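Open the model in your viewer and keep the selection panel handy.

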Amino acid sequence: MLQAEKAEGALLPEYHRATPECPHPERWHMYDSMTAEAEVLEFLYTLVTTIKPALVVETGSFLGVSTLWIAKALKANGFGRIISCEFDPVVFAKAQEKIASSGLADWIELRNESSLEMRIEGTIDLFFSDSDMPIREAEVKRFLPQIRPTGIILMHDASSHLKVVRDAAVKMESEGLLSCILLPTPRGLVLAQRREGRS
Ligand SMILES: C[S@@+](CC[C@H](N)C(=O)[O-])C[C@H]1O[C@@H](n2cnc3c(N)ncnc32)[C@H](O)[C@@H]1O
């Protein structure tokens, strides 16, 4: 959080280490090491305007930057909402402040709770898993029955260097739960769809 405050919204070259799938991370940009890469934020925006979700669920709001990019895209669509959870109360309060002053608060429901306890009503069109890396598998499995078969699941931090999220995605694919594409970004991004119910 200190790093994000110090940077004051300035873009820096991405500094996560090079991986075989992404040998030049410095070609990407970041605000800080927690917020998704700037290019991934743009991707989130475009994905939302492309698939036009009614309900987006995000785990791990941090300071609300990805939440705001998604909300901005929902506003461009003219409908939809995002529910985002952050379990750290101090971080949650910061995100709440940022969202309150963004002009996008009507599109966002920010919750101070854990993704492993959060209850969601209805069908999820876009699920963005960006919380604590070791719990991502549990998180995706928990919400999978509620994710629309034609909807999209994104798992951030899935690079071969970070490993745990990538392994979780590949495992869920081998279990027949997901079909995955591993996007070669600096921190790694899995783009997936559930297998069950797909026609
Ligand atoms: C990588 S950051 C999220 C970045 C944010 N999505 C963005 O791109 O702007 C991960 C956040 O998840 C939070 N977190 C960790 N475990 C969580 C859980 N079980 N439920 C909700 N939030 C969690 C952390 O406190 C941290 O703020």
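Which residues have the most contacts inside the largest nonpolar core? Select Ile70, Leu74, Ile82, Ile108, Leu126 and Leu154. The core has 27 residues. Such a core is a set of buried Ala, Val, Leu, Ile, Met, Phe, Trp, Tyr and Cys residues joined through side-chain atoms within 4.5 Å; buried means under 20% relative accessible area (1.4 Å probe, protein chains only).

This is a predicted model: local features need pLDDT of at least 70, side-chain atom pairs count only at pLDDT 80 or more, and totals for chains, interfaces and linings use all residues. Residues are numbered from 1 along each chain as its sequence is written, and side-chain values use heavy atoms, with hydrogens and water left out.

Next, colour helices H2 (38-51), H3 (65-77) and H4 (89-100), and strands S5 (108-111), S6 (124-129), S7 (147-156) and S9 (189-194). Each supplies at least two residues of this core. H3 gives the most, with six residues. Helices (H or I, at least four residues) and strands (E, at least two) are DSSP runs, numbered from the N terminus.

Now pick Leu74. Beyond its neighbours within four places in sequence, Leu74 is in contact (heavy atoms within 4.5 Å) with Val48, Pro53, Val56, Phe79, Gly80, Arg81, Ile82 and Trp107. Apart from this core lies another, of 23 residues, including Cys85, Ile124, Leu144 and Val190.

Finally, show H2 and H3 together. Leu41, Leu44 and Val48 are among the H2 residues that meet H3, where the partners include Trp69, Ile70 and Ala73.

Terms used: Buried means under 20% relative accessible area, exposed over 50%, partly exposed in between (1.4 Å probe, protein chains only).
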